[in-house]
Amino acid sequence: MAQISADEVRHLADLARIDLSDAELEHLAPQLSVILDSVASISEVASDDVPPTSHPLPLTNVFREDVVTPSLTPEEALSGAPDAQEQRFAVPRILGDEQ
Amino acid sequence: MGAMTAELVAYDDVLADFDPALGLEVHVELGTATKMFCGCPTGFGAEPNTQVCPTCLGLPGSMPAVNRVAVESAIRIGLALNCQIAEWCRFARKNYFYPDMPKNFQTSQYDEPICFEGFMDVTLTDGEVVRVEIERAHMEEDTGKSTHVGTSGRIHGADYSLVDYNRAGIPLIEIVTKPIRGAGARAPEVARAYVAQLRELIVALGVSEARMDRGNLRADVNLSLAPRGTDALGTRTETKNVNSYRSVERAVRYEMQRHAAVLAAGGSITQETRHWHEDTGITTSGRAKSDAEDYRYFPEPDLVPVAPPAEWVDELRGTLPENPTAKRSRLAEEWGFSEPEMRDVVNAGALLLVEETVAAGASPQAARKWWGSELVRRANDAGVELADLDVTPAQVAEVQALVDAGTINDKLARQVFDGLLAGEGTPAEVVERRGLAVVSDDGALGAAVDSAIAANPDVAQKIRDGKVQAAGALIGAVMKEMRGQADAARVRELVLERLT
């Protein structure tokens, strides 16, 4: 039985930029535990010699040739942006740090 | 931001107490025509957000498709670094929230890099060879470019940021070394030589322009100190985006001195990223690694694995350029350069430039003369790497051809380089526009010679008396009069015709 603590949910919520109240954290922690348990039941049938599947299709090496295709116009590119200036996306002040 | 000047320990004292361990992460932006996962073009300097599409903007429903040439370039880089090539590997999502990546993740590789376990033998300035072990080289994509708008102009205190996604999605290869230990006092020099030689290799492979001033090649410098004679590795710092060879060397040296000061004062090093400040030559604290590094990597579900068949890898192996060490020996012999001459060329970062200049028709000595002294001085003055100077090998060959044809002399050639650097066109156009051609026309020269003789009667008399070597003074006077643009050999003939 997996036990997810409220603190762990808080950490995940921070990483996902989701603002959760303490009550929500307490509410979600046991639910996430149940989900993890359900998923963990897969390991009962998949033994160590079965690698985890990341892709359902048995394909490799699907490539695109290095040939230019048309881009959007700047107007199209910015059309969905909440804010734009100088043909650039305007985003709120960044509190973190440059990657 | 509050960039405090840290206490530093004198460099020799650092080495008395500590052994440095060095690690380098170099990002190479590939020179493919299109991005890593979409067909948007990659040209430098385009208008903002003109090279973007739903895929590189991370719009819903868009799907990535891997650029074949980028994968080939990655494999060729790996092979040139003596790496193993993965028989099977996947892309992974590196999740983080930062507006330079509109998808909120960077498509990268995690525990399955396409290239791993290689090495590069790095030649230091005195000829000593150090083997740098390569841990991995993996494929990923570049980020967009943010401009921070606000009172400070820096990211802290910015009111908002403007983002251009033209660069987002351009293929990157990240090349990571294993910790380099045992370099001792030469650690800064090893770091510099590694980056310089790696750049040379990248250019020789033809996979990137590798211009550091344009960010085609960017180095992150990891450094830690351990008490001298112990096996342990100390806590490291990662100094990001150090963008010239000289800065790489300085950043390593600075961090060694700073770490030693913190440790000597009984403190401990915080594992963090640091920013390099080119102007002041110091690093300042960026973000702590511990809380930021939870990237929740998982295999990219939208891309199938890359499994390069052995035949493909062998075929790419056949396209590798000559081994750099062998190439240096061969060229030194072909060009008739002495060992010190060759070393100067290599240390100036001029090897490929000289090679291309020779290929464009100049003699090896002429190519060495221009790149190895005149242009290296100008690059230093401008604070850029020689290869990033806005003069091409073809132009240098053309300048030399103008010298060889007697159109200009070496002195005027320097003014031609002024014009080339100022973007005034081809060498011939600069000569034309600036009126730099040597005057060998007897009419103009004759008048200048006559006035030089009139102005220096004593010298003229000496020559009449048979002291031909005194002609130098008159030639000098004519050259001065003609602002260096006279054909000196012809002036000499005219002087002697009149006085002997």
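This is a predicted model: local features need pLDDT of at least 70, side-chain atom pairs count only at pLDDT 80 or more; totals for chains, interfaces and linings use all residues.
**Overall form of chain B**

Chain B has 500 residues, of which 43% count as buried. Its C-alpha atoms fill a box of roughly 90 × 55 × 55 Å along the principal axes. The secondary structure of this chain consists of 17 helices and 16 strands. Among contacts in chain B with a separation of 6 or more, 69% are between residues 24 or more positions apart.

**Domains of chain B**

Three domains are assigned in chain B: domain 1 covers 11-312, domain 2 covers 322-434 and domain 3 covers 442-499. Taken over C-alpha atoms, the centres of domain 1 and domain 2 of chain B are separated by 31 Å. Where these two domains of chain B touch, 13 residues of domain 1 are in contact with 9 residues of domain 2. Helix H3 (residues 187-205) of chain B supplies the largest share of the domain 1 side, namely 6 residues. By class, the domain 1 side that touches domain 2 of chain B holds 6 nonpolar, 3 polar and 4 charged residues.

**Nonpolar cores**

The largest nonpolar core has 83 residues, and the members that touch the most others are Ala74(B), Ala191(B) and Val195(B). H3(B) gives the most to this core, with 11 residues. Which residues does Val195(B) touch, not counting residues up to four places away in sequence? They are Leu24(B), Val26(B), Ala219(B), Tyr245(B) and Val248(B). A second, separate core comprises 50 residues, including Leu375(B), Ala379(B), Ala397(B) and Ala486(B).

**Strand pairing**

| Strand | Partner strand | Sense and bridges |
|---|---|---|
| S4(B), residues 92-95 | S5(B), residues 105-108 | antiparallel, 4 bridges |
| S4(B) | S16(B), residues 298-299 | antiparallel, 2 bridges |
| S1(A) | S2(B), residues 66-67 | parallel, 2 bridges |

**Contact between chains A and B**

How many residues of chain A are in contact with chain B? In chain A there are 35 such residues, and they are in contact with 45 residues of chain B. Strand S1 (63-64), helix H4 (74-78) and strand S3 (88-92) of chain A are the elements that each give two or more residues to the chain A side. S3(A) gives the most to that side, with 5 residues. The chain A side that touches chain B is made up of 16 nonpolar, 10 polar and 9 charged residues.

Strand pairing also joins the two chains, as S1(A) and S2(B) pair in the parallel sense over 2 bridges. Here Arg64(A) has Asn67(B) as its bridge partner in S2(B).

Methods
Residues are numbered from 1 along each chain as its sequence is written. Chains are lettered from A and ligands numbered from 1 in the order in which they are written. Two residues are in contact if their C-beta atoms, placed from the backbone, lie within 7 Å. Ala, Val, Leu, Ile, Met, Phe, Trp, Tyr, Cys and Pro count as nonpolar, Asp, Glu, Lys and Arg as charged, and the others, Gly among them, as polar. Two strands pair if DSSP finds at least two bridges between them. Domain bounds come from an automatic or database domain assignment. A nonpolar core is a set of buried Ala, Val, Leu, Ile, Met, Phe, Trp, Tyr and Cys residues joined through C-beta atoms within 7 Å. A residue is buried if 20 or more other C-beta atoms lie within 10 Å of its own, exposed if 12 or fewer, and partly exposed in between; C-beta atoms are placed from the backbone.
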